[in-house]
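Subject: Structure handover

Hello,

Please find the structure below. My notes on it follow.

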Amino acid sequence: MTGTLAFNVMYFARMLRRAGFPIGPGQTMTALAALQAIDLGQKDDVYWALHAALVDRHARSGMFRFAFERFWRATSFEAPMAWPAPARAAADSPPTLESVSVSEQDRERESRDEPDAETTETLSWSAAERLRAMDFEAMSAEERAEARRMMALLRLPIPAVPTRRFHGSPSGSRIDMRATLRKMVRAGGVIDLQRRRRASRHPPLVVLCDISGSMASYARMLLHFLHVITNDRDRVHTFLFGTRLTNVTREMAHRDPDVALARVSRAARDWSGGTRIGQTLATFNRLWSRRVLGQGAVVLVISDGLDRDGGEGLSQEMERLQHSCRRLIWLNPLLRYEAFEPKSAGIRAMLPYVDDFRPVHNIDSLASLVAALGDLPSERLAGRQHKAA
Amino acid sequence: MTALPANIDATVELLRQGGYVADRALATPLYLALALQRPLFLEGEAGVGKTEIAKVLAATLGRDLVRLQCYEGLDIAAAVYEWNYPRQMMAIRLAEAAGRGQDQSIVKDIYGADFLIKRPLLAALEPHAKGAPILLIDEIDRTDEPFEAFLLEVLSDYQISIPELGTVHAATPPIVILTSNRTREIHDALKRRCLYHWLDYPNAERERAILAARLPKVGERLTAQVVAFVQALRAMELFKPPGIAESLDWAQALLVLDAGEIDRGIVDATLGVLLKYQDDIARVRGEIATRGVAPFLSGPVEPAVAAQ
């Protein structure tokens, strides 16, 4: 009996693994233990027991349900006390990713309320949108070297923030009692005060990068920038937006820039189309802001501010975004001419809510981008403007 | 001390005794957490009753509740243990006064259990008179990664190493419940040690049952109206939809205000109990001003003022 059960659990775990679930032997053991603790006659109980053991994030629940239904049918759980081993034929041709993966409509339904890094690629799309993939040239060795060099130079206008942790420091302002006591014991009673100071670290960084048609000429370079910055620091989240919002943090996390960019170009499907800044920011605010802006994140928006929707709803969403983050930086590569005036409705809607506006005349290389973010004198807006001007 | 529930039905019943209406989807992982002695990782939006489960469990099982509220920068000194430095200093001075200043045995003395201040995690591993306690690690997403990494040892082996003292091992492991509002993703390594459950907003039927269990005075009709209204709000794609905590607060508020039913005036006056963002309040007020409260009480509302 246990043997059959174990076989079934392993079979199911393998099925899930093929569907992309990171399931190790530990989870399989837990699942087996869980099933031994419950009444196998109740389909719901079996479902939730396996769910508790094998799912570790809400976004996978939809896929899990689909896989479970198949598994339940395949192993005819209706007669639970005599779980048959999966038929020989089934064992020979175990479920492939294709057979387990959910149909487009199913995924669409699942992902509508819960997009995650893994499901955003299948977010609903309308025929009206211009969807296209992007094919980036591979990064040359010189480019890689330059990228590394530039990132070393990059100083974002984001000061490190003090954390609530302390570390030892001879010039710190606080007494480290624990270290003092240890030293005192070692030194035989001589009190030698040890000091500590607050540790500081970079705040999380969230990048929202425009990939619409008007930004297309910068796309490759911007993605290289995003790739390096994602791999250079911890706590970076990367989103792309055009007519929709795509979280590409996981795709970007791959070390090899060419692999990462290939994945990113597959993940986002609105390359070089229109821009709906207001709507994509609304999506970000509603679905992601609480998840990624939690610990005082700095938001970097890279966009030319040209909005297909004419700035509709944009100022409201910008205000919400500014209120939810530590600092909102806008890098605008539109300024190809000296006599720039913010005429576009989108730009006028966004400007009042930006803490730090970085207009750039031309970003043709990583170097110019890094310079724009760091060293160039910026048009720093005085303080936070919480009310629209 | 009550015995642990023997099956899923008993778990549902146990929670019901504590005034917590749970469905089988929640009771199953909870029962397994108790049976397999594994931590339960509860994730969900704010106000869906994650923390409440631990409290109810402690009350109904008659165990102690040890709560660790997490925050950014939570460190060992605040979460696990700290040495009582003033006492240590005093002990050293006393020893010196007694002429034992150079005596190395003093070192062993001042790093003894008497000088240890136990914080929640250590306290949870100690033997408790009423049986292994419920350890609630609340809002784990607020801590940082180093603390998460530290928790790995605690949650897999139920032991804590104190360099000066040795390893403290729990004879009976505590019942561990971790909660997260998902303000960031928790590392897979930590999740892998836990049973996972996503706690969703309840459906109308369960929410009515929760209100009836918690606030029986509200009455069936008003309860139904409250639930219908709140469920309609949740369908509206607000920035922060109301949770169960908010429904309970609102029902309580209506009770205090002696409101017999939900009308436009009472909604207008008490909307701040349900919604905590001005944009959301303004939007709902706008809807009600144009169409009244009736559509909110008759199922999910298709927004007239489109979100797009």
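Which residue forms a salt bridge with A:K43? The partner is A:E69, with the closest N and O atoms 3.0 Å apart. A salt bridge here is a side-chain nitrogen of Lys or Arg within 4 Å of a carboxyl oxygen of Asp or Glu. A:K43 belongs to helix α3 (residues 43-54) of chain A and A:E69 to helix α4 (residues 61-74) of chain A, so the pair ties together parts that are 26 residues apart in sequence. Over all chains, the structure holds 34 salt bridges.

Before the rest, some conventions. This is a predicted model, in which local features need pLDDT of at least 70 and side-chain atom pairs count only at pLDDT 80 or more, while totals for chains, interfaces and linings use all residues. Residues are numbered from 1 along each chain as its sequence is written, chains are lettered from A and ligands numbered from 1 in the order in which they are written, and side-chain values use heavy atoms, with hydrogens and water left out.

Chain B against chain A

In this interface, 57 residues of chain B are in contact with 44 residues of chain A (contact means heavy atoms within 4.5 Å). The two chains bury about 4600 Å² between them, and carbon and sulfur atoms give 51% of that. Buried area is the accessible area (1.4 Å probe) that two parts lose on being put together, summed over both. On the chain B side, B:R182, B:Y196 and B:F239 lose the most area to chain A, together 15% of what that side buries.

There are 11 salt bridges between chain B and chain A. B:E164 forms a salt bridge with A:R182, where the closest N and O atoms are 2.9 Å apart.

α2(B) gives the most, with eight residues. Helices (H or I, at least four residues) and strands (E, at least two) are DSSP runs, numbered from the N terminus.

Domains of chain B

The assignment, which is automatic or from a database, gives domain 1 (8-74 + 119-199), domain 2 (81-118) and domain 3 (204-297) of chain B. The centres of domain 1 and domain 3 of chain B, taken over C-alpha atoms, are 31 Å apart. Their contact takes 11 residues from domain 1 and nine residues from domain 3. The area buried between these two domains is about 750 Å², with 50% from carbon and sulfur atoms. B:G19, B:V21 and B:G47 supply 56% of what domain 1 buries against domain 3, more than any other three residues. Two salt bridges cross this interface. B:R206 and B:D23 meet through their side chains in a salt bridge (3.7 Å, N to O).

A sheet in chain A

Three strands of chain A form an open antiparallel sheet in the order β1-β3-β2; strands pair if DSSP finds at least two bridges between them. The edge strands are β1 (161-168) and β2 (174-175) of chain A. Five bridges join β1(A) to β3 (residues 195-201) of chain A, and A:F166 has A:R198 in β3(A) as its bridge partner.

Regards
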